[in-house]
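Please brief a reader who is new to this structure. Keep it plain, and group the points by topic.

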Amino acid sequence: MYYIGRMTQSPAKSAILRIGSRGSPLALAQARETRNRLAAACGLALERIEIKTIRTTGDMIQDRPLTEAGGKGVFTKEIEEALLSGAIDLAVHSSKDLPAALPAGLVLSGFLPREDARDAFISRNAKSLHDLRRGAVIGTASPRRQALVKRLRPDVAIVPLRGNVETRLRKIEAGEAEATLLAVAGLKRLGLLAAATAILEIEEFLPAVGQGAIGIETRADDATTRALVASIDDPATATAVTAERAFLAELDGSCRTPIAGHARVDNAVVRFRGMIVKPDGSEALEVLREGRREQEAALGADAGAELKSRASADFFVRN
């Protein structure tokens with residue numbers, strides 16, 4: 001049995017809290033960070049918190065874009081099934097991998113402090129995206145990155161590049177593409193930031209919703225675990241990601257339209273910028289919002305509603 005607040009350790013060495021995670025090096029680094037913070041906040045030895053590795057559909061599909069296999073939910077489905085069945089007590093996710101709607105009975109109970117939300121440009125041949133040769137080949141499987149790259153460099157060719165962070169870096173080194181883009185947060189968590197050729201500023205290359213934020217999912221009716229997670233929750237990150245996810249939900253984040261959104265929290269004020277882009281980069285619509293911190297969900301949803309009203313009928317890609 002475990003208790004809210006600072007936990008009392010029992011002599012038994014069996015785990016009393018089970019974390020579900022994907023098995024990639026980045027996912028496990030995020031799970032370990034969550035475990036370490038929980039152990040420190042709750043007075044537990046690390047071995048009392050178990051990390052259970054769960055292989056997801058997204059990990060198994062390597063031969064086609066994820067948009068053809070169900071979108072973002074392919075990285076969370078099996079983990080959420082384990083959470084609903086009681087096999088694990090909490091799930092640790094990259095927030096940008098979460099679909100707009102969670103399964104019934106599950107909630108996001110907390111977020112760790114957000115890492116750098118920017119994207120990194122990685123290339124052996126050029127110092128920046130703008131310095132790439134005309135017609136260069138860029139590898140990325142992200143619809144958002146593909147569209148934003150084409151918006152800035154319509155001359156380049158895009159090819160799918162799948163795999164975990166280390167795999168994609170090896171593919172660039174092997175010459176499968178001349179450049180790629182990866183999240184700065186993931187590179188930093190893996191100690192691989194030196195692989196970045198350049199950092200793309202948010203003003204030029206808007207991040208994915210939730211990028212850089214580790215989200216912790218629990219069962220809605222598990223008050224004990226939710227209270228434990230609340231002890232390590234970062235309120236500013238929670239506010240920002242709530243605004244971003246409300247924007248995503250309003251736009252129906254299950255569709256294949258490239259969507260980007262990022263919120264900043266400054267004391268009691270939330271500033272949000274959102275964007276939708278046609279896959280070929282030929283057209284982009286942007287929205288800005290600013291409001292009080294307690295209105296973050298309404299602010300994000302309102303921004304999404306504005307873009308829906310402004311977009312032409314053919315803007316949203318749904319098949």
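Five strands form an open sheet with mixed pairing, in the order E7-E6-E8-E5-E9. Strands here are DSSP runs of E with at least two residues, helices are runs of H or I with at least four, and both are numbered from the N terminus. The model is predicted, so local features need pLDDT of at least 70 and side-chain atom pairs count only at pLDDT 80 or more, while totals for chains, interfaces and linings use all residues. Residues are numbered from 1 along each chain as its sequence is written, and side-chain values use heavy atoms, with hydrogens and water left out.

**The sheet**

- Strands of a sheet pair through backbone hydrogen bonds, either parallel or antiparallel.
- Two strands are taken to pair if DSSP finds at least two bridges between them.
- Strand E7 (157-159) and E9 are the edge strands, each pairing on one side only.
- From one strand to the next, the twist averages 30 degrees.
- Strand E6 (residues 137-139) and E7 run parallel and are joined by 3 bridges.
- Valine 137 has alanine 157, in E7, as its bridge partner.

**Helices on the sheet**

- H4 lies across strand E5 (119-123), E6, E7 and E8, and runs at about 125 degrees to E8.
- Helix H5 (residues 165-173) also packs on the sheet, where it touches E5 and E8, and its direction makes about 160 degrees with that of E8.
- These angles run from 0 to 180 degrees between N-to-C directions, with axes fitted as lines to C-alpha atoms, for helices over the stretch in contact.

**Nonpolar cores**

- A nonpolar core is a set of buried Ala, Val, Leu, Ile, Met, Phe, Trp, Tyr and Cys residues joined through side-chain atoms within 4.5 Å.
- Buried means under 20% relative accessible area, exposed means over 50%, and partly exposed lies in between (1.4 Å probe, protein chains only).
- The largest nonpolar core has 21 residues, and Phe121, Leu132, Ile138 and Val149 are those with the most contacts inside it.
- At least two residues of this core come from each of helix H4 (143-152), strand E8 (179-183), strand E9 (198-200) and strand E12 (269-277).
- H4 gives the largest share of this core, 3 residues.
- Not counting residues up to four places away in sequence, valine 149 touches Leu129, Ile138, Pro154, Val156, Ile158, Leu181 and Phe205; contact means heavy atoms within 4.5 Å.
- A second, separate core has 19 residues, including Ala263, Leu285, Leu299 and Ala303.

**The loop between H5 and E8**

- Glutamate 176 is placed in the loop between H5 and E8.
- Beyond its neighbours within four places in sequence, glutamate 176 is in contact with Leu161 and Lys171.
- Valine 159 is 17 residues from glutamate 176 along the chain, and their C-alpha atoms are separated by 9.1 Å.
- Glutamate 178 lies in the loop between H5 and E8 as well.
- Glutamate 178 counts as buried because its relative accessibility is 16%.
- The side chains of glutamate 178 and arginine 133 make a polar contact (2.7 Å).
- A polar contact is a pair of N or O atoms within 3.5 Å; within protein, one must be able to donate a hydrogen and the other to accept it, and residues adjacent in sequence count only if both atoms are side-chain atoms.
- Leaving aside neighbours within four places in sequence, the residues in contact with glutamate 178 include Ile122, Ser123, Ala136 and Val137.

**Salt bridges**

- The whole structure holds 26 salt bridges, each being a side-chain nitrogen of Lys or Arg within 4 Å of a carboxyl oxygen of Asp or Glu.
- Arginine 151 forms a salt bridge with glutamate 286, and their closest N and O atoms are 3.5 Å apart.
- This pair links distant parts of the chain, 135 residues apart, with arginine 151 in helix H4 and glutamate 286 in strand E13 (residues 284-292).
- Arginine 151 counts as partly exposed at 34% relative accessibility, and glutamate 286 counts as partly exposed at 30%.
- Arginine 264 forms a salt bridge with glutamate 203, the closest N and O atoms being 3.4 Å apart.
- Arginine 264 is in strand E11 (residues 259-266) and glutamate 203 is in the loop between E9 and strand E10 (214-219), so the pair links distant parts of the chain, 61 residues apart.
- Arginine 264 is partly exposed, with a relative accessible area of 43%, whereas glutamate 203 counts as exposed at 51% relative accessibility.
- A network of salt bridges links Arg18, Asp89, Arg219 and Asp222.
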